[in-house]
Amino acid sequence: MEVRGATVTFLGGVNEIGGNKILVEDGPDRVLFDFGPSFAPKWEDYYYNFLKPRTTSPVKDLLEFDLIPRIGGLYSKEALADSDLPYRAPEVHAIFITHAHADHAGHLDLVDPEIPVYVGEGTKTLLDAIAGSTAMKYGDHAWRTFPDRAPVKVGGIEVVPFPVDHSVPFAYGFLIRTSSGTLAYTGDIRHHGPRADDTHAFLTAAAAERPAGLLIEGTRAGPDARRNLTEQGVRSEVDRLLEHHAGLALACTYPRDVDRLTTLDAAARAVGRRLVVSARTAYLLDAIAPRWSPGTLPLPGTPDGVLVYNRKKKIFREYEKPYLEAALTSEDVRQHGAQYLLALDPYHFPELIDLRPPRGTPFIHSMSEPFSEDDVDDRVMHNWLDHFGLEFHQMHASGHASATELFEIAHTVKPSVVYPIHTEHPEAFEKLGPGVHPPRLGVAYPVAP
Ligand SMILES: [Zn+2]
């Protein structure tokens, strides 16, 4: 059957949290939105930890298990090496990335460098900082950056990027205008963080467009017993904890959750402490500072900024070196614990052996709780906490809207069709009525008013 007009095809993010890969086609024009690896369940069925696709034949090794879409004119010659998918000149004309999380941008390194990749100006800065300080690679591309809310034309398809609130800065939702109607794509979204107004502005613009389809993330759409606060709620709870504790306090959070770092820093300073972070986090803050309103980030090396913790290791990377001279050692932190809130990455737990925190030292877990009960990382973390007698406190604000908020979003935007993606529970949206279509992988759905 020939489909006339525009279509939308979900090549990932179907019945899974992450792995978004959305293809919009309109006549000769083909645009991909996000291109991230599927984390679970499929990816981890075959690859995990150090068991990875071979760098010499990544496409071949991923196609073996249907972990990436089998489409021509998308992958680079290099990535296609040794696979049965022949190289073809680009047939995808642009890729738009909503934000700098791996489940949305992590497969860009497989993509033909000729295909333009559109990202927000801040997102590009952030991606560069991540690539410069981790093993993450995004590949060479014809990068194009867009300013907020400025429409971008790719052939007959017009994309309007709206900043939205999420747990990484510089996150976007898109309005995608085609010849047969508009699609609104939320990316990952919430409105209980510091950029809630951006989310509201996006939803208002989306509703005004009377979209044919709403592509909505549903991370928290299903049953979710996990505890979630607002960003302000995290601040209040950390405040309360620090007010009643005299010695060292520990925290751990996601290194790119700049809102949380800002929250922890403000809470620490309110009680006369300083937030201490890794050199990687300090580097990230410095890198994004030019994209931030002046004076609002706790930059290292400034009187009100974060301090840097000097981990014991043999080899330091280039980006770390500028921070080392002024960095605090485990001995400094151990002796003057009451002056600090130390944000420790879980991978840096061996430092606890030198820090020797007194029993009962609070450990603020400012990250999401595990989805499953047999989570390895969680078990190992608790072994360490138990060993040192640390007091566990869960204080986190999710990067994602709650189920109730998601249903409200769909209600506000009033699209003809709701496509729940980035969720293990698309069926949870069905109570919204007959306009809900949990998508199937690889099916081209017509965009129709
Ligand atoms: Zn995501």
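The following questions and answers concern a predicted model of the protein.

Biologist: How many helices and strands are there in the protein, and what is its radius of gyration?

Modeller: The protein has 14 helices and 19 strands. For 449 residues the globule rule gives 22 Å, and the value for the model is close to that, so the protein is as compact as a globular protein of that length. The radius of gyration is 23 Å.

Biologist: What share of the contacts with a separation of 6 or more comes from residues 24 or more positions apart?

Modeller: Along its principal axes the C-alpha trace spans about 75 × 50 × 45 Å. Of the 449 residues, 48% are buried. Among contacts with a separation of 6 or more, the share from residues 24 or more positions apart is 70%.

Biologist: How is the protein divided into domains, and how far apart are the C-alpha centres of domain 1 and domain 2?

Modeller: Domain 1 covers 7-223 + 399-446, and domain 2 covers 231-394. The distance between their C-alpha centres is 31 Å.

Biologist: Which residue classes make up the side of domain 1 that touches domain 2?

Modeller: The contact between the domains takes 14 residues from domain 1 and 13 residues from domain 2. On the side of domain 1, the classes are six nonpolar, seven polar and one charged.

Biologist: Which residues of helix 14 meet helix 6, and how do the residues of the contact divide by class?

Modeller: From helix 6 the contact takes Leu 203, Ala 206 and Ala 207. Their partners in helix 14 are Ile 409, Thr 412 and Val 413. By class, the residues of this contact are five nonpolar, one polar and no charged.

Biologist: Which elements do the buried residues of helix 9 pack against?

Modeller: Helix 9, residues 279-288, is mostly covered, with eight of its 10 residues buried. The buried residues are Ala 279, Arg 280, Thr 281, Ala 282, Tyr 283, Leu 284, Leu 285 and Ile 288. They pack against helix 5 (121-133), helix 8 (258-270), strand 13 (274-277), strand 14 (307-308) and helix 10 (321-324).

Biologist: Is Leu 110 buried or exposed?

Modeller: Leu 110 sits in the loop between helix 4 (102-105) and strand 5 (116-120). Leaving aside neighbours within four places in sequence, Leu 110 is in contact with Pro 58, Val 59, Tyr 75, Ser 76 and Ala 79. Because 20 C-beta neighbours lie inside 10 Å, Leu 110 counts as buried.

Biologist: How far apart in space are Leu 110 and Ser 293?

Modeller: In sequence, Leu 110 and Ser 293 are 183 residues apart. From C-alpha to C-alpha, the distance in space is 34 Å.

Biologist: Where does Pro 194 lie, and which residues is Pro 194 in contact with beyond its neighbours within four places in sequence?

Modeller: Pro 194 is in the loop between strand 10 (181-185) and helix 6. Pro 194 has 16 other C-beta atoms within 10 Å, so this residue is partly exposed. Leaving aside neighbours within four places in sequence, the contacts of Pro 194 are Glu 231 and Asp 259.

Definitions and conventions
Residues are numbered from 1 along each chain as its sequence is written. This is a predicted model: local features need pLDDT of at least 70, side-chain atom pairs count only at pLDDT 80 or more; totals for chains, interfaces and linings use all residues. Two residues are in contact if their C-beta atoms, placed from the backbone, lie within 7 Å. Helices (H or I, at least four residues) and strands (E, at least two) are DSSP runs, numbered from the N terminus. Ala, Val, Leu, Ile, Met, Phe, Trp, Tyr, Cys and Pro count as nonpolar, Asp, Glu, Lys and Arg as charged, and the others, Gly among them, as polar. Domain bounds come from an automatic or database domain assignment. A residue is buried if 20 or more other C-beta atoms lie within 10 Å of its own, exposed if 12 or fewer, and partly exposed in between; C-beta atoms are placed from the backbone. The radius of gyration is taken over C-alpha atoms; the globule rule is 2.2 Å times the number of residues to the power 0.38.
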